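Me: Please take a close look at one part of this model, the protein surface around one of the DNA strands. What does that surface consist of, and which atoms meet there?

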Number of protein chains: 2
Amino acid sequence: MAPKRTTVRDLRRQNRSTLLSTLFFDGPLSRYELSRRSGLSAATVSNVTGELVDDGLVVEAGSVDSDGGRPRVLLRVNPAFGHVVGVDVGETGIKVELFDLSLTQLAAFDHALSPSSPAAVASLIASAVRDVVTSAGVDASTVLGVGIGVPGTVEQGATAVVHAPTIGWDGVRLEELVADASESAWPLYVENGAKTQGQAEMWFGAGRGARHVVIALIGSGVGAAVVTDGGVYRGATSSAGEWGHTTIMYGGRPCRCGALGCLEAYVGAEGILDRYRKARGRELPEGDEQSSVAALIEAAARSKTAARVLEETAGYLGAGIANLVNLFNPERIVLGGWAGLALGAHQLDRIVAATRAHALRHPYEQISIQLGRLGPDAVAVGAATLPVAALLDRAADPRKPTSPDLSVELGVPERSTRVF
Amino acid sequence: MAPKRTTVRDLRRQNRSTLLSTLFFDGPLSRYELSRRSGLSAATVSNVTGELVDDGLVVEAGSVDSDGGRPRVLLRVNPAFGHVVGVDVGETGIKVELFDLSLTQLAAFDHALSPSSPAAVASLIASAVRDVVTSAGVDASTVLGVGIGVPGTVEQGATAVVHAPTIGWDGVRLEELVADASESAWPLYVENGAKTQGQAEMWFGAGRGARHVVIALIGSGVGAAVVTDGGVYRGATSSAGEWGHTTIMYGGRPCRCGALGCLEAYVGAEGILDRYRKARGRELPEGDEQSSVAALIEAAARSKTAARVLEETAGYLGAGIANLVNLFNPERIVLGGWAGLALGAHQLDRIVAATRAHALRHPYEQISIQLGRLGPDAVAVGAATLPVAALLDRAADPRKPTSPDLSVELGVPERSTRVF
DNA sequence: AGACTAATTTTAAGTCGCAAACTAAGGTCC
DNA sequence: GGACCTTAGTTTGCGACTTAAAATTAGTCT
């Protein structure tokens with residue numbers, strides 16, 4: 001409630017952050033160009049970049065002719081300033097990947113995960129992170145933080161609390177568990193996997209350049225990451241964006257969440273296959289969800305039943321997307337997730353048509369609907385962006401608190417929420 | 001795209017704004033208390049408030065004993081610093097109200113409005129504003145701005161463009177039309193009526209103190225104002241929050257927007273009455289929508305049909321609210337609009353139960369569902385808050401551009417978007 | 001009246017960004 | 001090859017800002 005005070009020190013912090021972020025996203029730039037883009041005077045740019053270079057965050061990267069004058073010296077974020085780790089906790093396994101600051105992958109580990117206690121998962125995460133760091137020959141002290149994407153909602157507070165019904169977690173203090181299981185005191189960032197995947201699409205995929213985007217993710221379940229004004233929208237307790245459990249057919253099919261008529265019950269892989277099974281009147285061939293959905297799409301070329309199920313799916317999905325369009329008025333919709341990409345590849349026209357039929361004309365005219373561009377590693381990459389976002393936001397090593405006294409006074413360790 | 005530069009001047013502006021806003025919302029406060037709340041040093045508070053007093057924005061307001069020391073001098077926003085006008089453009093008439101800076105109503109005019117051209121409406125607005133100002137004996141030069149709430153979406157840009165299908169407006173540049181029809185050059189703020197009403201509930205009604213709120217408005221149509229992080233959410237082109245036209249029953253009742261199964265077709269007054277008509281099998285007695293809905297609610301005590309229609313309505317409405325809960329994860333839902341208040345008064349328990357049935361447990365547990373507290377003037381009051389918000393945001397007379405050169409350079413006149 | 005307390009104001013110091021002057025590093029022209 | 005131009009980046013001097021500490025002000029208590 002207390003409005004945040006603004007001191008003269010925040011100026012510099014903010015300008016550091018602005019310049020560092022610009023360098024990060026828009027590649028090597030000269031000081032001159034930085035001045036032009038940020039509106040800051042050349043003098044200030046010179047000062048601030050000087051500091052950033054002294055701190056090792058930024059390095060010079062060659063120079064470029066300048067139409068008959070002193071050549072411009074290019075600056076860029078130092079990829080070797082530090083490393084970040086992204087963890088994707090899935091329902092059947094965990095992925096751990098190590099990146100440098102430019103999010104170039106240096107090493108990756110996969111671990112199968114049989115259902116086990118949160119503490120066991122936490123200690124697996126801790127040891128896998130340590131392994132991936134040592135296996136890449138990276139000095140542990142250069143790791144700036146570890147981002148963890150989990151399949152459930154994450155309450156951000158003094159410590160992150162995870163609710164993930166699909167893996168039986170309810171109120172798991174994952175951040176504490178992992179910290180206890182680790183020897184190193186790397187900052188941990190726990191976030192919903194759909195949100196980390198969305199962030200990855202924003203930074204490196206189909207969301208680049210836009211400020212209002214909804215990334216719709218369809219796999220076995222259905223979720224969404226809502227980006228408003230360039231930042232992932234979290235709501236009051238970080239569980240915003242539960243698109244899969246919005247009602248699209250009042251009184252309709254039962255959903256695994258217990259309610260009736262959720263979107264997920266119609267367009268989630270499980271829902272699609274179940275509808276196909278019913279329409280077909282007999283069991284599907286054996287196989288996991290991904291291959292069954294692929295088989296369904298392939299069958300649509302010959303089978304009227306399969307084609308009709310897919311058409312209906314496109315209709316439901318379009319209506320669901322239209323709801324997002326009407327409520328959030330984004331400039332772009334990104335359709336992702338393995339099932340979303342599969343459906344999109346064969347039914348995008350139909351999906352778009354159904355969206356148009358259900359959305360209001362004005363917000364509909366603003367959007368473009370695109371397929372996601374990132375592969376199955378997007379959750380881990382997105383998780384790894386979390387410590388990077390903290391770095392860009394503070395323009396300083398995220399491991400050192402800006403002002404220890406203040407954070408004690410506030411009671412809650414400050415954590416970045418803006419990401420872009 | 002260009003990140004905003006921050007200069008040392010912005011510091012003072014921001015601190016002025018912080019202190020002025022604190023005084024506005026939290027009533028008379030001493031400098032000492034301001035220092036405590038803002039975190040600013042006593043010296044800065046003294047400096048800044050001194051300026052604000054010199055500028056006439058703030059006045060002293062008595063003093064309070066201080067347990068045996070120098071008494072605290074209370075400060076408050078000067079209600080007489082200026083006046084603001086709120087206009088509610090409805091489908092059947094316009095309301096124009098004049099307020100002082102503390103949003104105390106000084107005068108009000110109502111005009112019936114038969115369907116007429118946008119230009120005619122604009123000139124009626126212009127003359128009604130002039131009339132209400134002169135009739136209250138207020139000096140025209142003290143009017144800080146005019147807020148206009150309209151029944152449609154408003155694209156905010158260089159000039160506001162209104163799309164309001166219910167009154168036949170499509171792409172009306174209302175701001176320009178009103179400016180042309182006025183002699184005075186008061187700043188105009190055009191905004192969707194649901195959003196202004198939501199803002200009124202946030203400042204003075206059931207939304208006070210919360211930062212993530214959805215104000216659901218049910219009248220003849222259905223809309224919502226979504227407040228995220230204390231500010232009204234607008235989306236990419238300001239048409240966010242079109243809750244009424246989200247699909248809740250795929251393939252269901254036709255809606256006046258042309259789509260099938262919109263929430264509005266089920267819980268908007270028109271939709272309710274139409275469903276009642278069909279359930280009853282014969283025409284309803286003559287009467288306008290408001291009295292017909294009142295009659296329906298009254299009939300529910302005796303008539304099973306009427307009771308069932310209301311129950312069903314509560315069910316649909318609860319599912320619609322649950323969608324808002326799942327997507328936005330607010331801390332509070334405010335149910336408003338004349339039909340919303342009428343339904344809420346008699347069916348709140350049922351609505352809450354239906355919401356619980358359709359929402360995910362975690363976000364559901366965060367919310368409280370309340371009835372709106374403001375009456376039919378809320379749209380006009382909310383419209384009048386727009387120039388006040390601009391004043392608080394800039395902590396300076398909103399009629400004078402902060403820096404004319406800069407706004408020319410930017411191409412677009414800066415307009416406040418944060419409101420709280 | 002004098003001591004004491006607590007709210008403001010004044011003062012001195014340090015930070016910040018900016019405009020203008022200045023330096024660096026290259027090219028062009030003769 | 002040297003005078004001169006062009007463009008990039010740095011240094012300098014200045015005004016604006018916040019802060020901590022000291023001073024002042026305005027009451028209460030004995």
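Reply: Of the atoms of DNA strand D within 4 Å of the protein, 79% are sugar or phosphate atoms, and the rest are base atoms. This is a predicted model, in which local features need pLDDT of at least 70, side-chain atom pairs count only at pLDDT 80 or more, and totals for chains, interfaces and linings use all residues. Residues are numbered from 1 along each chain as its sequence is written, chains are lettered from A and ligands numbered from 1 in the order in which they are written, and side-chain values use heavy atoms, with hydrogens and water left out.

From chain B, Arg12(B) has a side-chain N or O atom 3.1 Å from a phosphate oxygen.

Both chains supply elements to this surface: helix H2 (31–38), helix H3 (42–54) and strand E3 (72–77) of chain A, and helix H1 (8–25) and helix H3 (42–54) of chain B, each with at least two residues. Helices (H or I, at least four residues) and strands (E, at least two) are DSSP runs, numbered from the N terminus. H1(B) gives the most, with five residues.

Notes:
Near = heavy atom within 4 Å. Polar contact = N/O pair within 3.5 Å; in protein donor to acceptor, adjacent residues only side chain to side chain.
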